[in-house]
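Reader: Could you take me through one part of this model closely, the sheet and what surrounds it? I like to have cut-offs spelled out as we go.

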Amino acid sequence: MKINQFDQDNGTLQRLVKANVSRLNTLMERDRVDGLLVITVDNWRYLTGLPIHHSVSYANVNAAILRRGDKLPSLLPLDFFASGIKPTAPWYEIVKELPFLGSMEAYQPIGIDKWPGLMADAFRQLGLADKTLAIDPGL
């Protein structure tokens, strides 16, 4: 499977993600972290098992939040990327879709100014607004 393709073997994908989430939950429990936000390519793939966008310019555009104790992360994908997740991996909760308005040029994401507010809303919705969070720096 390529990093930018959806895996057709959903059973294997779900087992892999559950094993990764279990390991993360152990670390979060040990370090008393209530939630984890990931956005970088490697961390997105590790936590969700889902592909990245086919263009490296768009690689860090999907986010996922894992609450300590949850069996799966909640997703905050780029709005046009969410359409591929819903039919392929319907077991995921999509908390918010991150808007990408106007030009599809990767370095001009007009909707990006809304992302911090949407992520803050997602933290509130998931009960993490006043909790200890680990944040992927997105580098």
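Author: Happy to! Let's begin with accessibility: buried means under 20% relative accessible area, exposed means over 50%, and partly exposed is in between, with a 1.4 Å probe and protein chains only. By that scale Arg 67, at 27% relative accessibility, is partly exposed.

Some ground rules first. This is a predicted model, where local features need pLDDT of at least 70 and side-chain atom pairs count only at pLDDT 80 or more, while totals for chains, interfaces and linings use all residues. Residues are numbered from 1 along each chain as its sequence is written, and side-chain values use heavy atoms, with hydrogens and water left out.

Now the sheet. Helices (H or I, at least four residues) and strands (E, at least two) are DSSP runs, numbered from the N terminus, and two strands pair if DSSP finds at least two bridges between them. Here 5 strands form an open sheet with mixed pairing, in the order 4-3-2-1-5. Its edge strands are strand 4 (93-94) and strand 5, each of which pairs on one side only.

With strand 2 (residues 63-67), strand 1 pairs in the antiparallel sense over 4 bridges, and the bridge partner of Val 38 in strand 2 is Ala 64. Strand 1 also runs parallel to strand 5 (residues 133-135), joined by 3 bridges; there, Gly 35 stands opposite Leu 133. In a regular strand the side chains alternate between the two faces of the sheet. Both faces of strand 1 are covered: Gly 35 and Leu 37 are buried on one side, and Leu 36 and Val 38 are buried on the other.

Moving along the sheet, strand 2 and strand 3 (residues 74-76) run antiparallel and share 3 bridges. Ala 63 stands opposite Leu 76 in that pairing.

Next come the charged pairs. A salt bridge is a side-chain nitrogen of Lys or Arg within 4 Å of a carboxyl oxygen of Asp or Glu, and the structure holds 6 of them. One of these links Arg 67 to Asp 70, with the closest N and O atoms 2.8 Å apart. Another joins the side chains of Arg 68 and Glu 29 at 3.5 Å, N to O. Arg 68 lies in the loop between strand 2 and strand 3 and Glu 29 in helix 1, so this pair ties together parts that are 39 residues apart in sequence. Arg 68 counts as partly exposed at 31% relative accessibility, whereas Glu 29 is exposed, with a relative accessible area of 52%.

Helix 1 (residues 10-31) and helix 2 (residues 41-48) have axes that come within 7 Å and cross at roughly 110°. Axes here are lines fitted to C-alpha atoms, for helices over the stretch in contact, and angles run from 0 to 180 degrees between N-to-C directions. Angles under 35 degrees count as roughly parallel, over 145 as roughly antiparallel, 65 to 115 as roughly perpendicular and the rest as oblique. The two helices are therefore roughly perpendicular to each other. In their contact (heavy atoms within 4.5 Å), Leu 13, Val 17, Asn 20, Val 21, Arg 23 and Leu 24 of helix 1 meet Tyr 46, Leu 47 and Thr 48 of helix 2.
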